[in-house]
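Trainee: I am new to this structure. Please take one part of it and go through that part closely, in one connected answer.

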Amino acid sequence: MKLFDILSRQQRLVYLVVALLSAAGVWMGLRLPSAIYPELSFSRITVVAQGSTLGARQIVFSITRPLEEAVSIVPGVTRVRSHSIRGASEISVTFAPGTNMDQALQLVRARVNQVQSALPPDLTLDVEQLTPSLFPILSYNVEGGEPARLYDLARYEIKPLISRVPGVGRVEVQGSDVRELEVIADPARLAAQGMTYADLADEIRRAITVQAVGRVAQDYRQYLIVTDQEAHAPDDIGAVVVRGGLRVRDVATVQLGTEDHVRIIAGDGKPAALINITRQLGGNTLALADSVARIMATVAPTLPAGVVLKPVYDQAELVREAVKSVRDAMLVGATLAVVVLLVFLRHGRITAISAASIPLTLAITVFVMRMIGQTFNLMTLGAMAIAIGLVIDDAVVITENIARHLRLTTDRQQAIRAAVQELIWPVTTSTLTTVVVFLPLGLLQGVVGQFFAALATTLTVAVMVSLLLALTIIPLLAEQFVTAHEVESTAAGPLARAQQALDTLGSRYERALAAVLHHTRRIAAVAVGLMVVGIVLMRLVETGFLPEMDEGAFVLDYWTPGGTALAETNRQVGIVERILAATPEISGTSRRTGAELGLFATAQNTGDLVARLKPSNERSRDIFAVMDGVRDEVNGAVPRLRIEFVQILSDVVNDLAGNPKPVEIKLFGERLDTLEAYAQRLAPDLEGVRGLEDLYNGVAEPSPELMMRVNQAEADRIGPEDVGSTVSAALLGTEAGEIRTEDRPVGVRVRAPDSVRYDPLRLRALPVVAGSRITPLGSLATFTPTQSRISLERENQQQMIAMTAGVSGRSLGGVMGDVQRALRAHPAPAGVRVVLGGQYESQQQAFRALLLVLALAAVSVCAVMVVQFESFVEPLIVLLVAPVSFVGALGLLLVTGTALNVASFMGLILLVGLIVKNGIILLDFTRLRMRDEGVALDVAIREAARVRLRPILMTTLCTLFGLLPLALGIGAGSELQRPLALAVIGGLVLSTPITLFAVPTLLVAIRGAEFRLR
């Protein structure tokens, strides 16, 4: 019993199953989570240590090195990189691909806990696995008021409402001013009472600490006895009794103020509080953003007069635009493919049957995506758009063969049965060749592997579903709706003229093939010529890593010279804010100074600006032109400010991957002075490299320090530790508990007056109390101005400086070629080791892996064809077409100015599977005629060429027109799929004539014209 007979008998069951799966796909499509990228997992853990007051060099020895040594022995660690600045250290631990990161995180935390006792006290340690959930998908400014008030509104009124939204990860609130109760103690009065700042803080803390001291039962009730010492206002702190019957207000001024300024948060150049909202893994970006927007709309009218909520960054907008553009590309591609079918098949009913495979395939694919845990994102949606031209192929071949058989016989069932049975094996194997090319993608690691695994999985599901539909539902629909009328030639009209042109093309092709079939040398010469052209194109086509897209927002990272005061940094960055405000394409900004996006150790002279652009249809320049324009203006207006431009999503992905900069030159050596001298020698040549932007030579500018050297002989009477603790308590302050106003706690800090803290001369008069002795600080220590490096870099426990730069207006490969020439022109001195890192390192690793994937894909395709043809000759001949066809792909990339990057490389891999499909359709029919009719190869190949020309052209044109909207790159996010689409289109355009002429010619040359099957 044939397959069609089984289907015909159970056609109601087939219809029911397809209908149920399609309905389930539509239903799940309305509920499938949406995000910009697939769920990414990164093998990196970051340890951030903050809270110290040491300089960068002291941080290295006291904090960084012990932590480095501790985490380096965790199994699976491949790289440990540290960044030490004044007061903080950031250590990035990279693990080998495939490492169990949950277990690795536990081990790293255990190792950090083991050494924590040896680290300076009062150190805050954060140990986190780096995931996209650490970075915000939504940001809002709270503007229009006093900074501390804005922070309170955001922290206590808005944050709790957002935190309960399903899918929300973290809600981080940042503000310039955080309220604090200041106990400003007079040094002389405090010393007269024999008290230190720490003593006063301890007295206050003990006095306002609430304790449960017991229980008592009375009148059938259990009473809890609680000390009534809770402080609610500054006066309560001032009334606390200290030594000698004095109260706090007798030795100090108590006032409501703010914590010391260590950061500045601004929105559109004005004071603001910033609310950053992250997404949990698996959360729906669109649903989360809509929920938060509703909450913000509800909260806005209840805020005090003048306070406004303004969105600064909304990743959901990009997701919506990307989904819309991919949807449009799918609709346009499907429409063009259906038009191609109509031209070839001539009748609407049979065209509709073939076209029905598109919506059915997409719906069932969505159902399967939900079952295997996929989401709607740029990669899966892009795969579905790419699949438009592929999923119709099998249905087209089956439908066209049914139409051909119906023209040969009046028995409809016999014609459909024969047509389906004839193509079961070739259609299945040709589809499998598209699937098997993706199997080696499991070898890809990191971001590239995860990105394209989602694309390959979705594409594989789609083509396999289309194959099942082509072999099941399409023949049943043809049996029910296709009659003899649907396969008759059209008498008049445009379709009749198209049919006449196709018939003419068929006869011309048959004559052309006959003319070249026995001229192998001509075909070989053309192939060799194309290979030479391909080698030339390989040298001309530029190379890149991941495609860049217009995200609608960018980050401007900035650094003022080392040691710049916060107020001066604020002044310089204010100039940048005014430049951004005057840029017509920018709709709003948010700014952090002393803090930045993500989990990083940040100095007070650095920060970032996030600029949100207007929608693409409301601006005349793309984001790259806007960034270039702002860069030129900022460099002219604030020449001492170092800046770098990145887009938010690409910055997040590259940060997570551990290679945030496109260009990175790492210099290792024992002597830092030698490394810096070599870097400064390289910098002028690198600055002259075309396309290299935002170059940083890696030399950290010196930061001023006031070195306090304690006189040991004098200090022995008190103890050196007491001198240091006294100065620290006076300048930085000592925590002394909290007061509780309504439901909001406010910290209490004891410190010296600003007139003492910020005046080096008065600092020397600071009294140091030890028992009954009071000694001026100037008698115990001397102060010497000096300079030190503001930051120090290390990798794998070796000293390093990193020269970094961005790329603009040119490909990464072209820029790196010039960079390597500059390095060869300036050999490294003895003791200096040079390593190229950054995205270039990631690109080289990805390209090596992709070359291996390409080779294995070719082997996999060959294996499938060997099973079908039971010979190595036909598979090898078909595969010979692939490298020649790559010439077309490279040529189109060169003409369109598109770099050979990871996406276009994926197009070449997909091309291997698509090229052999046409060869299989052609050679399988040849083999069928030789087996059934016993004819010679020469006769069979000519007949196969005549009969299979139409389905080959139909499937090729459907694929080309289905990919055309993606190749045009119209809409948000289309930049990711455009290189892939261009590579496939260029390769298919060239491979089709090669398959039609070279494959038959080579087969006849190898087998012989009179070859027959035995």
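Mentor: Seven bridges join strand 7 (residues 179-185) to strand 10, and the two run antiparallel. This is a predicted model, in which local features need pLDDT of at least 70 and side-chain atom pairs count only at pLDDT 80 or more, while totals for chains, interfaces and linings use all residues. Residues are numbered from 1 along each chain as its sequence is written, and side-chain values use heavy atoms, with hydrogens and water left out.

Strands here are DSSP runs of E with at least two residues, helices are runs of H or I with at least four, and both are numbered from the N terminus. Two strands pair if DSSP finds at least two bridges between them. Strands of a sheet pair through backbone hydrogen bonds, either parallel or antiparallel.

The open sheet has four strands in the order 10-7-22-21, with mixed pairing. Strand 10 (252-258) and strand 21 (734-741) stand at the edges with a single partner strand each, so one side of each has no neighbour in the sheet. On average, neighbouring strands are turned by 25° against each other, direction ignored. Within strand 10, Q255 is the bridge partner of E182.

Helix 5 (residues 147-163) packs on this sheet and touches strand 7, strand 10 and strand 22 (744-751); contact means heavy atoms within 4.5 Å. The direction of helix 5 makes about 135° with that of strand 22. Such angles run from 0 to 180 degrees between N-to-C directions, with axes fitted to C-alpha atoms, for helices over the stretch in contact. Helix 7 (residues 197-208) lies across strand 7, strand 21 and strand 22, at about 30° to strand 21.

Salt bridges come next: a side-chain nitrogen of Lys or Arg within 4 Å of a carboxyl oxygen of Asp or Glu. E182 belongs to a network of them, linked with D260, R751, D754 and R757. In helix 7, R206 and E203 are three residues apart, about one turn of the helix, and they form a salt bridge with the closest N and O atoms 3.5 Å apart. R206 is exposed at 53% relative accessibility, whereas E203 is buried at 19%. Buried means under 20% relative accessible area, exposed over 50%, and partly exposed in between (1.4 Å probe, protein chains only).

E230 lies in the loop between strand 9 (221-226) and helix 8 (234-238), so the pair ties together parts 510 residues apart in sequence. E230 is partly exposed at 29%, and R740 is partly exposed at 36%.
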